[in-house]
Each structure stands twice: as C-alpha cells, then as structure tokens.
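Colleague: Could you take me through this one? I'd like to go from the overall layout down to the side chains.

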Amino acid sequence: MTLLLAATVTPLEQICREAGRETAMAKDILGEAGLHFDELNKLRVLDPEVTQQTIELKEECKDFVDKIGQFQKIVGGLIELVDQLAKEAENEKMKAIGARNLLKSIAKQREAQQQQLQALIAEKKMQLERNSVSLVILI
C-alpha cells in the first residue's frame, strides 16, 4: 500500500506541476520575445544578467570618469609647473644675455680706454722728444 501512495499524485500536486510547466513555457515564450522576470518577478525588457552587467559597467564607467578627472587635475598641475619653470628659464636666459652683452660692452670700453691711453703715451713721448731736443739746443 505504501508503494501505491508514493506513485499516486494528488490533484493539487498535479495542478502545481502543470502550473510550473505553464510558467516555464510562459517564461520561455516571453524570453524569446525579449521579456524577462527579475528576482521580484517583475517583467523586464532586459535579461537580469544583462541588467547586472549594465549596472557593473555603469559603476566601472563612473570609476573611470573619476580617475580621468583626477588625471586631468594632475596633468593641469604639471602643465602649470612646466609653464612656471619655462618662464623662470626664460628670465634666466634674458639675464644671461644681458650679462654677456654687459661683458662685451665692458671689453669694448677697455679697448677704447687702452687706445686712449696709448694715444696719450704717444703724445707724451712726442712731448718728451721735443723737450729733449729743446734741452739739447739750449745747452
């Protein structure tokens, strides 16, 4: 008799099995049409896996955008620093050019002064010779 009970299916169990089959068939038909049920048995257009992947992709994109923002800030700071260094280098270059021009000017002034002194020496030598000749004549 126990064998008979195990093999016997109650009408309620049979209805549940048929309902389960019908639900599975309905899900298959809806799935083919592109409609799916989520974990709360709400009808969705996207497959729950695709929805989850979309959410994950959205989070990754947000992280990526945040990292790009940080990168832009870092690059902006670097560009400002490089610009500042370029300005300082340009100022130092101008100072060096000014110092070089000053040295050239000083060198030219020394040459001019040397020529003036040589001319003065030559003039004094001529005056010495005249004075020497005048002295010889007087003696």
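Predicted model: local features only at pLDDT ≥ 70, side-chain atom pairs only at ≥ 80, totals over all residues.

Colleague: Let's step back, then. What does the secondary structure of the chain come to?

Modeller: There are three helices and two strands in the chain, and along the sequence they follow the order α-α-β-β-α. The helix we started with, α3, covers residues 48-138.

Colleague: How much of the chain is buried?

Modeller: Of the 139 residues in the chain, buried ones make up 1%.

Colleague: Where is the nonpolar patch, and which residues are in it?

Modeller: The patch on the surface is formed by Leu 78, Leu 81, Val 82 and Leu 85, which together have about 360 Å² of accessible area. Leu 81, one of these residues, is found in helix α3, and with a relative accessibility of 43% it is classed as partly exposed.

Colleague: Changing topic: how many salt bridges are there by this rule?

Modeller: The count comes to two salt bridges. In one of them the side chains of Asp 66 and Lys 62 meet, at 3.4 Å from N to O, and in the other the side chains of Glu 92 and Lys 95 meet, at 3.7 Å from N to O.

Colleague: How are Asp 66 and Lys 62 placed in the helix?

Modeller: Asp 66 and Lys 62 are separated by about one helical turn, because they are four residues apart in helix α3. Asp 66 is partly exposed at 37% relative accessibility, whereas Lys 62, with a relative accessible area of 54%, is exposed.

Colleague: And what is the spacing for Glu 92 and Lys 95?

Modeller: Both Glu 92 and Lys 95 lie in helix α3, where they are three residues apart, about one turn of the helix. Glu 92 counts as partly exposed at 48% relative accessibility, while Lys 95 is exposed, its relative accessible area being 56%.

Colleague: One last thing: which residues does the UniProt "coiled-coil region" annotation cover?

Modeller: According to the unreviewed UniProt entry, the "coiled-coil region" covers residues 103-130. In the model, the chain over residues 103-130 is 100% helix and 0% strand, and the C-alpha atoms at its ends are 40 Å apart.

How values were computed: Residues numbered from 1 in each chain as written. Heavy atoms only, no water. Buried < 20%, exposed > 50% of the residue type's maximum accessible area, 1.4 Å probe, protein only. UniProt positions renumbered as here; feature names shortened; annotations may be inferred. Patch = residues over 30% accessible without salt bridge, like charges linked within 9 Å, V, L, I, M, F, W, Y side chains within 5 Å. Areas by Shrake-Rupley, 256 points an atom, 1.4 Å probe, with all protein chains shown as cover. Salt bridge = Lys/Arg side-chain N within 4 Å of Asp/Glu carboxyl O.
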